[in-house]
Amino acid sequence: MATGTRADWGLLSGIARALDSRADCHVDILATNMHLSERYGHTIDEIIADGFKNPILVPMPEATDSPAEAVAAMARCMEGMAAELSRLVPDLIVILGDRFEMLATATAALMLRIPIVHIAGGEISEGAVDDSIRHAITKMAALHLTATEPYRQRVIAMGEEPDRIINTGAIGVYNIMHEPLMSRVELEESVGLPLSEGSLLVTYHPATLDDGDPGKYCDALLEALDRFPESNVIITYPNNDARGRVIIERIEAYGRRNPGRVRVIPSLGKTRYLSALRCVSAVVGNSSSGIVEVPSMKIPTVDIGIRQRGRLCGRSVIHCGDSTDEITAAIAFALSLEGQRQAVESENPYAKADTLDIMVRAIADTPIETLRSKKFYDIRQ
């Protein structure tokens, strides 16, 4: 199983533990990218704390300044993954999502003829290069676990065989409903900030297909937050995508200017992040989690800009543009009685009661020999 960020490990950890508990399975964790970075919280420690004492480390450079740096980092990651996969010779590899380090991992596995299980294919995020990466991994993969039936149909439309595509629901939603979480008091002590009514959780990433200045967009968001002086705010770091460092610089400076109201934390980790969703009044930013997992907590999401454009959304997700006024209006609605009521009444299209069991059975019980070759599935008109 491959993981590169706090976010994907938060989703994969339960699957990894469930598979590893089976007598017929053994799970190795290949950890790379942000997990190994002190800047981003050294989240390899979370993998170890979850019971995987000897994760396999695949170093790669941080890639936060330019697309060219990301390409160089991918090359290093691919080389490292190829070496480790050649040594391990696994029956298959599980990859989640759409990150550039996962494209490098999938490419190495493909060339080594290791079947790929891809989680969360068929989704759309038109404002990020992740959109194309996700579809590329889909075409490399042999078994597909999608989060909704519309996404399953999209993977079929891409030429994948229907009996290899399973609508499992989103594992992040399952985790929210089943993970033991911290109490409000425990969380407030951990982050050093009271989370009273009106509190916000903010995560803002660069939209990698937007030609605009991410620093300017981030400034607009921070100016909007200034218009809610009664709202305490937790801000987490963006992923280490190209042009992400400028966002980190701005949010750190914002935290220093507002020490009594704002906490900037590189990574909350799975438990604190999910616990925070039970304590804040709304989530703000442009993370996929705001669209996929947060609606199950019955709080609004303010989705800023184009990064997540095209994703299937529940009614609790409030879309807005990148300007200060647009973000302000969206946050104001999210915190209003109407916005809160709309979130409570909204259904989450990514929710499925038995997601973990479906995923584990699909990964563990699918005969490996059936995954070693693929045919293109033509849709008959």
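**Figure 1. Packing of helix α9 against helix α10.** In this predicted model, helix α9 (residues 214–226) packs against helix α10 (residues 245–257) at an angle of about 25°, and their axes are 9 Å apart. Helices (H or I, at least four residues) and strands (E, at least two) are DSSP runs, numbered from the N terminus. Axes are lines fitted to C-alpha atoms, for helices over the stretch in contact, and angles run from 0 to 180 degrees between N-to-C directions. The helices α9 and α10 are therefore roughly parallel to each other; angles under 35 degrees count as roughly parallel, over 145 as roughly antiparallel, 65 to 115 as roughly perpendicular and the rest as oblique. On the α9 side, the contact (heavy atoms within 4.5 Å) is made by P214, G215, C218, D219, L222, L225 and D226. On the α10 side, V246, I247, R250, I251 and Y254 take part.

Residues are numbered from 1 along each chain as its sequence is written. Because the model is predicted, local features need pLDDT of at least 70 and side-chain atom pairs count only at pLDDT 80 or more, while totals for chains, interfaces and linings use all residues; side-chain values use heavy atoms, with hydrogens and water left out.

**Figure 2. Packing of helix α9 against helix α13.** Helix α13 (residues 324–335) packs with α9 at an angle of about 45°, with the axes 8 Å apart. The helices α9 and α13 are therefore oblique to each other. Here A220, L221, E223, A224 and L225 of α9 meet T324, I327, T328 and I331 of α13.

**Figure 3. An open sheet of parallel strands.** The sheet is open and consists of 3 strands in the order β1-β2-β3, with parallel pairing. Strands β1 (2–3) and β3 (56–58) stand at the edges with a single partner strand each, so one side of each is left without a neighbour in the sheet. Strand β2 (residues 30–32) runs parallel to β1 and is joined to β1 by 2 bridges; two strands pair if DSSP finds at least two bridges between them. Opposite A2 stands L30 in β2.

**Figure 4. The aromatic pair Y40 and Y237.** The structure holds 3 aromatic pairs. Rings of Phe, Tyr and Trp (its six-membered ring) pair if their centres lie within 6.5 Å; planes under 30 degrees apart count as stacked, over 60 as edge-to-face and the rest as tilted. The ring centres of Y40 and Y237 are 6.0 Å apart and the planes are at 85°, so this pair is edge-to-face. The pair links distant parts of the chain, 197 residues apart: Y40 lies in the loop between β2 and α2 (44–49), and Y237 in the loop between β9 (233–236) and α10.
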